[in-house]
Amino acid sequence: MGTRLSSTQIESFMTLARELNFSRAAERLHITQPALTKRIQNLEETLGQALFVRLRGGLELTESGRILQRHAASIERQEEELLDSLVGAAGGISGFFRLVSFSSCLRSVLIPAIAGLLREHPRLSCQFIKAEVNELQDLLIEGKVDFSVSLSECERMGIENVQLGIERNVLIESARHEGRDDCYVDHEPRDNFTERFFLIQTGATVPKMLRAYFDDIYGLIDAVSEGIGRAVVPLHLIRPEHHVRMVPGFRPYEVPVFLHYHAQPYYTKLHRAVIDTLTRECARHYDAYQLGHEGKAVADDALIAANRRMIAKGRGTA
């Protein structure tokens, strides 16, 4: 008979993989730290593989550790699904999932897209995390999240890529204040999104520009509204109450948005529901914004009109 892992070993490993700290993991397991260390050492000896690397900043999973984590997490979800079906969960979905994305997508697209699924299944829970674009795929590969949403395909073997839609980015300026047309607002000094926008216009040149930085995408739009500078932002974030307008004469910068997750031989109801819901609802959201004549990007007229009516109603006007 082949090597078998005990439930105690799996539980100890998974707790430590989540915490990446022996002291916190031992506390969660209600055992001493030396006892947990011994369990992990025995598990590594059984597998003949190192599962953790001990670094100055703390623990990190090895590639073998990540493989075991994905396998054990899949077994946990299948066990939860089996228990739900046996004890009678009224056909609902329960469990917990983690998703990471970039700021312009998280609040405006992903939360509205997944909200209906969470309302329909009260025992389903989640953690949504905002991260920098260059961190998104690594967090999935390292097993720190179950799903990642980014602006490029993940080329790592064993990662599935599903396109959720197209993010259309346009150049905006203040509708209330004049001047500072040569100032461009980005997230931080390493952010080259504005340069990429101009490169698709000319193919070769980027205008000389003064720079300003606001970390949050919504703070960036507020900065433009206040006349601090221009910025390249996703079309779907622009609302009438922002008091900004699109700068004419520029093509939108279209970037595909992808959902990533680990390929698995078996997908639980939870996993399938999250994938299906995000694929369907995000596509609807992005499709609500379309290109107008001469390559100019405009939001769907019906949505803009509805927004304006809502604002007027809030102010007590007809």
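## Cores and salt bridges in a predicted model

Leaving aside neighbours within four places in sequence, Leu-259 is in contact with Phe-147, Ser-148, Val-149, Glu-160, Asn-161, Val-162, Leu-164, Ile-275 and Leu-278; contact means heavy atoms within 4.5 Å. This is a predicted model, in which local features need pLDDT of at least 70 and side-chain atom pairs count only at pLDDT 80 or more, while totals for chains, interfaces and linings use all residues. Residues are numbered from 1 along each chain as its sequence is written, and side-chain values use heavy atoms, with hydrogens and water left out.

**Nonpolar cores**

Leu-259 also belongs to the largest nonpolar core, which has 46 residues; Leu-110, Val-149, Leu-259 and Leu-278 are those with the most contacts inside this core. A nonpolar core is a set of buried Ala, Val, Leu, Ile, Met, Phe, Trp, Tyr and Cys residues joined through side-chain atoms within 4.5 Å. Buried means under 20% relative accessible area, exposed over 50%, and partly exposed in between (1.4 Å probe, protein chains only).

Two or more residues of this core come from each of β3 (95–101), α5 (103–120), α6 (136–141), β5 (147–150), β6 (159–174), α7 (193–202), β11 (253–262) and α9 (269–287). Helices (H or I, at least four residues) and strands (E, at least two) are DSSP runs, numbered from the N terminus. A second, separate core has 18 residues, including Met-14, Leu-36, Phe-52 and Ala-72.

**Salt bridges**

The structure holds 18 salt bridges, each a side-chain nitrogen of Lys or Arg within 4 Å of a carboxyl oxygen of Asp or Glu. Three of them are listed here.

| Pair | N to O distance |
|---|---|
| Glu-63 and Arg-156 | 2.8 Å |
| Glu-254 and Arg-168 | 3.3 Å |
| Arg-230 and Asp-181 | 3.9 Å |

The pair of Glu-63 and Arg-156 links helix α4 (residues 63–87) to the loop between β5 and β6, 93 residues apart. Glu-63 is partly exposed at 36% relative accessible area, and Arg-156 is partly exposed at 36%.

Glu-254 is partly exposed, at 37% relative accessibility, whereas Arg-168 is buried, at 17%.

Arg-230 sits in the loop between α8 (217–225) and β9 (231–234), and Asp-181 in the loop between β6 and β7 (183–186), 49 residues apart. Arg-230 is buried at 13% relative accessibility, while Asp-181 is partly exposed at 41%. Salt bridges with shared partners join Arg-230 and Asp-181 with Glu-173, Glu-178 and Arg-245 into one network.
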